[in-house]
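Student: I am new to this structure. Please take me through it with questions and answers.

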Amino acid sequence: MDNKRKELKVSAIRNGTVIDHIPSEKSFQVINILNLANYKNQIYFGTGLDSSKLGKKGIIKISDKYFEDEEISKIALVAPKATLIEITDYEVTKKEKIDFPEEVSKIVKCFNPKCVTNIQDITTKFTVVSDHKGEVKLACHYCEKTMSKENIDFF
Amino acid sequence: MNELKGRSLVSITDYTKEEIIHILDMAEEFEKNQRQQILNGYVISSLFFEPSTRTRLSFESAVQYLGGSVIGFASADTSSVRKGESLKDTILTVSNYSDLIIMRNPMDGSARYASEVSPVPIINAGDGANQHPTQCLLDLYSIRKTQGSLDNIHIAMIGDLKYGRTVHSLVQALTLFGATFHFVSPESLKMPSSVKTWVKKAGLEYHQYTDIMDIMPIADILYMTRIQAERFPDPLEYEKVKNLYILENSMLAPSKDTMRVLHPLPRVNEITEDVDDNPKAYYFQQAKNGVYVRQALLAAILGLK
């Protein structure tokens with residue numbers, strides 16, 4: 001019963017995608033990087049919802065929208081523990097944990113102002129690596145500089 | 001070893017340990033017999049978008065000792081870059097005129113990019129603050145030549161370890177050979193943690209010092225670098241440390257007889273001129289070794305040896 005009530009805090013969608021288990025403080029960032037402010041169909045979202053896993057979580061439900069791999073990579077960089085649920089006619093047709101991609105292309109700018117990708121018209125490319133503390137970082141394929149998640153700037 | 005043929009050299013990590021050794025062995029052959037007309041009829045482009053003395057001249061000398069011709073420019077001012085031509089267009093054009101391109105460019109990552117768009121191999125002669133793999137190879141050649149082997153040496157690196165790209169690549173390469181690293185620098189110019197992580201991951205040891213004399217009796221190689229005033233946010237801090245990392249002849253007294261002093265050059269004042277006459281000074285010979293190493297690279301990449 002409790003679960004049901006919690007779900008209904010954010011309305012159900014007929015067709016589209018639900019991004020669940022977003023850390024609460026990242027909810028608005030996910031909305032921004034996916035450029036949802038300019039999306040014309042219905043979007044429901046909630047943040048600060050109770051979550052046994054995250055303490056507080058955010059959830060976004062986007063009608064008639066299914067994400068491309070590139071967009072999923074963006075979500076992964078901001079909210080790596082999120083769950084992606086695809087809905088068709090109110091039924092869950094696909095549910096997957098978002099995982100870090102091995103490579104990130106196009107969507108992220110290199111933080112090094114002297115990197116060739118910031119000076120010439122070149123598509124960026126990064127390898128996802130982890131440092132000695134296990135923290136995820138992006139290594140630029142071109143300038144070889146490694147940036148931490150805090151420095152990630154999306155196009 | 002044919003795998004090097006046609007392959008660009010952008011970063012020292014593009015080469016395996018065996019490939020590095022192969023290049024050094026070839027360089028040794030060129031040291032014994034420098035004039036070989038194997039590049040006869042070949043045209044090599046030398047594109048220097050920013051100034052350089054040693055790297056450009058030693059590359060061009062390497063091409064000419066091998067009987068090849070060099071075309072190119074020594075500064076971006078004399079090329080179409082000034083008119084706003086993109087790097088891609090410059091590379092695609094120049095690759096029509098030559099068999100291989102040697103490039104120095106101030107943009108970090110420009111060499112990797114050039115290697116991806118170019119139909120002919122690229123040798124990176126320095127891409128901004130990023131990589132300078134031929135310097136690394138000539139450093140390795142100089143270490144092997146003076147110590148007899150690259151295995152398990154004690155190398156002391158002195159000066160600006162934070163920004164010096166040559167020391168970073170050299171650490172990366174030497175981890176393949178089991179070195180022990182001694183890093184000597186002011187607190188604010190310490191070796192970055194990413195570089196120390198490579199050492200740790202390779203299961204090797206590093207030690208950090210602020211006093212150059214601490215490493216004098218243990219080092220096999222003293223690798224000096226220049227400390228630049230503009231690296232310090234506070235000019236007072238520079239004034240405090242600038243004289244601590246100047247090597248004078250008298251300081252070499254406690255060092256091993258076989259120890260050699262290396263420096264990527266140009267030096268400003270970090271090695272006083274009285275060191276030059278000490279047999280332990282090796283930096284000018286080191287610069288000379290650059291020609292043999294570059295001859296080896298040209299021959300290997302063009303598949304002529």
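Student: Into which domains is chain B divided?

Tutor: This is a predicted model, where local features need pLDDT of at least 70, side-chain atom pairs count only at pLDDT 80 or more, and totals for chains, interfaces and linings use all residues. Residues are numbered from 1 along each chain as its sequence is written, and chains are lettered from A and ligands numbered from 1 in the order in which they are written. Domain bounds come from an automatic or database domain assignment. Chain B is divided into domain 1 (2–131 + 290–301) and domain 2 (134–287).

Student: How many residues does the contact take from each domain of chain B?

Tutor: The C-alpha centres of domain 1 and domain 2 of chain B are 26 Å apart. Two residues are in contact if their C-beta atoms, placed from the backbone, lie within 7 Å. The contact takes 18 residues from domain 1 of chain B and 15 residues from domain 2 of chain B.

Student: Which elements of chain B each supply at least two residues of the domain 1 side that touches domain 2?

Tutor: Helices (H or I, at least four residues) and strands (E, at least two) are DSSP runs, numbered from the N terminus. On the domain 1 side of chain B that touches domain 2, the elements that each supply at least two residues are helix H1 (17–32), strand E4 (122–127) and helix H9 (283–301).

Student: At what angle do helix H5 and helix H6 of chain B pack, and what is that angle called?

Tutor: Axes are lines fitted to C-alpha atoms, for helices over the stretch in contact, and angles run from 0 to 180 degrees between N-to-C directions. Angles under 35 degrees count as roughly parallel, over 145 as roughly antiparallel, 65 to 115 as roughly perpendicular and the rest as oblique. Helix H5 (residues 133–147) and helix H6 (residues 165–174) of chain B pack at about 60°, with axes 9 Å apart. That makes H5(B) to H6(B) oblique.

Student: Which residues of H6(B) does H5(B) meet?

Tutor: H5(B) brings Pro133(B), Gln135(B), Cys136(B), Asp139(B) and Leu140(B). Their partners in H6(B) are Thr166(B), Ser169(B), Leu170(B) and Ala173(B).

Student: Is Thr180(B) buried or exposed, or in between?

Tutor: Thr180(B) lies in strand E6 (residues 180–184) of chain B. A residue is buried if 20 or more other C-beta atoms lie within 10 Å of its own, exposed if 12 or fewer, and partly exposed in between, with C-beta atoms placed from the backbone. Thr180(B) has 18 such atoms within 10 Å, so Thr180(B) is partly exposed.

Student: Leaving aside neighbours within four places in sequence, which residues does Thr180(B) contact?

Tutor: Arg7(B) is 173 residues from Thr180(B) in sequence and 31 Å away, C-alpha to C-alpha. With those neighbours left aside, Thr180(B) is in contact with His154(B), Leu204(B) and Glu205(B).

Student: In chain A, which helix gives the most to the domain 1 side that touches domain 2?

Tutor: The assignment for chain A gives domain 1 (2–97) and domain 2 (103–154). Their contact takes five residues from domain 1 and six residues from domain 2. Four residues on the domain 1 side come from the helix that gives the most, H3 (residues 69–78) of chain A.

Student: Which helix gives the most to the side of chain B that touches chain A?

Tutor: Between the chains, 14 residues of chain B are in contact with 16 residues of chain A. Helix H4 (110–117) and helix H7 (193–201) of chain B each supply at least two residues of the chain B side. The helix that gives the most, with three residues, is H4(B).
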